[in-house]
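Subject: Structure handover

Hello,

My notes follow below it.

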Amino acid sequence: MHKFWRNGADQEHHLIVHGDPKAVGSEAFRTLRTNLRFISPDHQVKTILITSVGPGDGKSTISANLAVALAQSGQRVALVGCDLRKPVLHKIFGLSNTMGLTTLLTGNATLDEVVRPSKQVQNLDLILAGPVPPNPSELLQSRAMATIIGTLREDYDAVIFDGAPVIAVTDAAIIANQVDGTVLVIRSKQVPRDVALHAKDLLEQANARLLGVVLNGVLPQEQKNYQYYYYYQDNAERA
Ligand SMILES: Nc1ncnc2c1ncn2[C@@H]1O[C@H](COP(=O)(O)OP(=O)(O)O)[C@@H](O)[C@H]1O
Ligand SMILES: [Mg+2]
């Protein structure tokens with residue numbers, strides 16, 4: 001994924017696919033959308049977890065922009081905030097985080113109450129993470145979470161889970177085990193190879209179906225160095 005905007009306080013989080021659909025970065029998200037569609041002819045990939053090695057790799061940014069790109073193609077899309085320790089989606093969409101997945105999982109709200117249609121983007125529903133709970137892993141591992149994943153899979157064409165990092169806590173692995181596929185975001189030049197491979201091992205131990213890797217933060221002038229600056233493969237052994 002390109003390094004697609006200049007640093008600046010006002011651009012801390014950016015919905016480029018919505019705000020600037022003609023930008024090169026937006027095209028990259030549309031290509032990602034297309035590649036995900038063709039990844040698996042035999043196995044319908046509707047629920048997708050976006051995870052990475054650590055915080056700040058771009059999971060939330062990529063989840064949000066991918067969800068918008070999917071919604072723009074006419075699919076009914078849900079975007080779910082699953083990084084319960086570092087909720088960010090509400091900032092990207094300009095909402096308050098008072099209600100969300102944690103409120104739902106603790107029985108303090110119903111699914112209908114926490115689903116918020118995006119004001120900016122048609123066909124896109126948001127389930128924010130909600131207030132930070134004391135026991136994120138326990139909530140994600142609950143039977144209620146499994147039921148929600150199943151319900152959303154029925155109700156939408158695509159469900160994108162903006163996940164926690166895969167190293168240090170088990171939160172991402174818990175979700176990876178329950179979705180159709182997982183995309184691992186690697187922040188270009190910041191993640192050593194052995195750490196990336198360890199993340200892949202952790203996902204495989206959780207029986208995740210690794211759809212591929214998104215290399216994030218590649219400068220446009222560096223792209224010629226990568227035959228594919230992000231790539232996908234159906235065989236996790238080759239990742
Ligand atoms: N390709 C990119 N180019 C420029 N900035 C990016 C890119 N990807 C992510 N960022 C920025 O990096 C920061 C962390 O991104 P975020 O999506 O919140 O990461 P994570 O969810 O993995 O913690 C944000 O300020 C985001 O805007
Ligand atoms: Mg995040």
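At what angle do helix H2 and H3 pack, and how far apart are their axes? This is a predicted model, so please read every value as computed from it. The angle is about 75°, and the axes lie 9 Å apart. An angle from 65 to 115 degrees counts as roughly perpendicular, so H2 is roughly perpendicular to H3.

H2 covers residues 24–38. H3 covers residues 59–72. From H2, the contact uses Phe-29, Leu-32, Arg-33 and Leu-36. From H3, it uses Thr-61, Ile-62, Asn-65, Leu-66, Ala-69, Leu-70 and Gln-72. By class, the residues of this contact are 7 nonpolar, 3 polar and 1 charged.

Next, Ser-60. This residue also sits in H3. Is Ser-60 buried or exposed? Its relative accessibility is 13%. Buried means under 20%, so Ser-60 counts as buried. Setting aside neighbours within four places in sequence, Ser-60 is in contact with Val-88, Leu-89, Ile-92 and Asp-162. Asp-162 belongs to strand S5 and stands opposite Gly-81.

Val-77, Leu-79 and Gly-81 point one way. Ala-78 and Val-80 point the other way. In a regular strand, side chains alternate between the two faces of the sheet. In S2, the residues pointing either way are all buried.

Which strands pair with S2? One is S4, residues 124–127. S2 and S4 are parallel, with 4 bridges. Another is S5, residues 158–162. S2 and S5 also run parallel, joined by 5 bridges. Gly-81 is opposite Asp-162 there.

Last, Asp-180. This residue lies in a loop. The loop runs between helix H9 (171–176) and strand S6 (181–187). Is Asp-180 buried or exposed? Its relative accessibility is 12%. With the cut-off for buried at under 20%, Asp-180 therefore counts as buried. What does its side chain reach? The Asp-180 side chain comes to 2.8 Å from the backbone nitrogen of Lys-46.

Best regards

Definitions and conventions. Residues are numbered from 1 along each chain as its sequence is written. Chains are lettered from A and ligands numbered from 1 in the order in which they are written. This is a predicted model: local features need pLDDT of at least 70, side-chain atom pairs count only at pLDDT 80 or more; totals for chains, interfaces and linings use all residues. Side-chain values use heavy atoms; hydrogens and water are left out. Helices (H or I, at least four residues) and strands (E, at least two) are DSSP runs, numbered from the N terminus. Buried means under 20% relative accessible area, exposed over 50%, partly exposed in between (1.4 Å probe, protein chains only). A polar contact is a pair of N or O atoms within 3.5 Å; within protein, one must be able to donate a hydrogen and the other to accept it, and residues adjacent in sequence count only if both atoms are side-chain atoms. Two strands pair if DSSP finds at least two bridges between them. Contact means heavy atoms within 4.5 Å. Axes are lines fitted to C-alpha atoms, for helices over the stretch in contact, and angles run from 0 to 180 degrees between N-to-C directions. Angles under 35 degrees count as roughly parallel, over 145 as roughly antiparallel, 65 to 115 as roughly perpendicular and the rest as oblique. Ala, Val, Leu, Ile, Met, Phe, Trp, Tyr, Cys and Pro count as nonpolar, Asp, Glu, Lys and Arg as charged, and the others, Gly among them, as polar.
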